[in-house]
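User: Please take a close look at one part of this model. I want the charged side-chain pairs, one by one.

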Amino acid sequence: MIVGGRMESIVFIDSEITSDGIVADLGAVKENAQFHSANKQEFRKFVKDIDFVCGHNIIHHDLKYVSDVFDSNSLISYIDTLYISPLIFPKKPYHKLLKDDKLQVDELNNPLNDAIKSEELFFDEVNAFQSLSSKMKWIFCALLYPYPEFQGFFKYLKFKPYALNDYVIKNEFEGKICANADIGLLMKYYPVELAYALAIINCAFV
């Protein structure tokens, strides 16, 4: 992505955390460079001046332990492939990554390998999202943009949430959902759940 005449940068990260919350290992990949070490100072240098940080389950896991390495005054956006995956691949939501709970005491993992897998998954998600209909993109963005688990993904794609009403959803899913379904209520109180449900319904008719 190019903004203001410069290419926006993205890094894919993963961490290995011990059962007592200690960072045991870190892995990251960006462009043609890789990082694999437990040294947080070196990790800080590797992710310096990054626009997007992406990983699998990073928002509610990795960032609890490594968020301090990122510049708090910067405009970094975070992308979590864990939450995008079941939206884009509802038939196989966990895709190529084998785990979602990274806190495993019985087996140490290789965070560099997982960072590379996150990169592959992310671009698969981007390509799959771009293949959706214009209305589906609009619906997903409008329902999910307010939530940190999804906002970074839409920012990366330069998607902004435009006003959405129940007519748009009913029109896109005509014949696929009950005409009497209270979509307005679901949009207001259960937007995330509605988005995932629509993703499943949509793939069932593809």
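This is a predicted model: local features need pLDDT of at least 70, side-chain atom pairs count only at pLDDT 80 or more; totals for chains, interfaces and linings use all residues.

Analyst: Residues are numbered from 1 along each chain as its sequence is written, and side-chain values use heavy atoms, with hydrogens and water left out.

First, the terms. Side chains of opposite charge can pair when their charged atoms come close. A salt bridge here means a side-chain nitrogen of Lys or Arg within 4 Å of a carboxyl oxygen of Asp or Glu. By this rule there are four salt bridges. For exposure, buried means under 20% relative accessible area, exposed means over 50%, and partly exposed lies in between (1.4 Å probe, protein chains only). Helices (H or I, at least four residues) and strands (E, at least two) are DSSP runs, numbered from the N terminus.

Start with K158 and E8. Their closest N and O atoms are 2.6 Å apart. The pair links distant parts of the chain, 150 residues apart. K158 sits in the loop between α6 (148–156) and α7 (166–172), and E8 in the loop between β2 (6–7) and β3. The two ends see different cover. E8 is buried, because its relative accessibility is 17%. K158 is partly exposed at 43%.

Next, D68 and K40. This salt bridge spans 3.1 Å, N to O. D68 lies in the loop between α2 (58–66) and β7 (77–80), and K40 in helix α1 (residues 40–46), so the pair ties together parts that are 28 residues apart in sequence. What is the exposure of each partner? D68 is partly exposed, with 44% relative accessibility. K40 is also partly exposed, at 23%.

Helix α1 holds another pair. E42 and K45 meet in a salt bridge at 3.5 Å, N to O. Why does this pair span about one helical turn? Because E42 and K45 are three residues apart in helix α1. K45 counts as exposed because its relative accessible area is 58%. E42 is partly exposed, at 38%.

To put the pairs together: K158 and E8 link distant parts of the chain. D68 and K40 tie a loop to helix α1. E42 and K45 both belong to helix α1.
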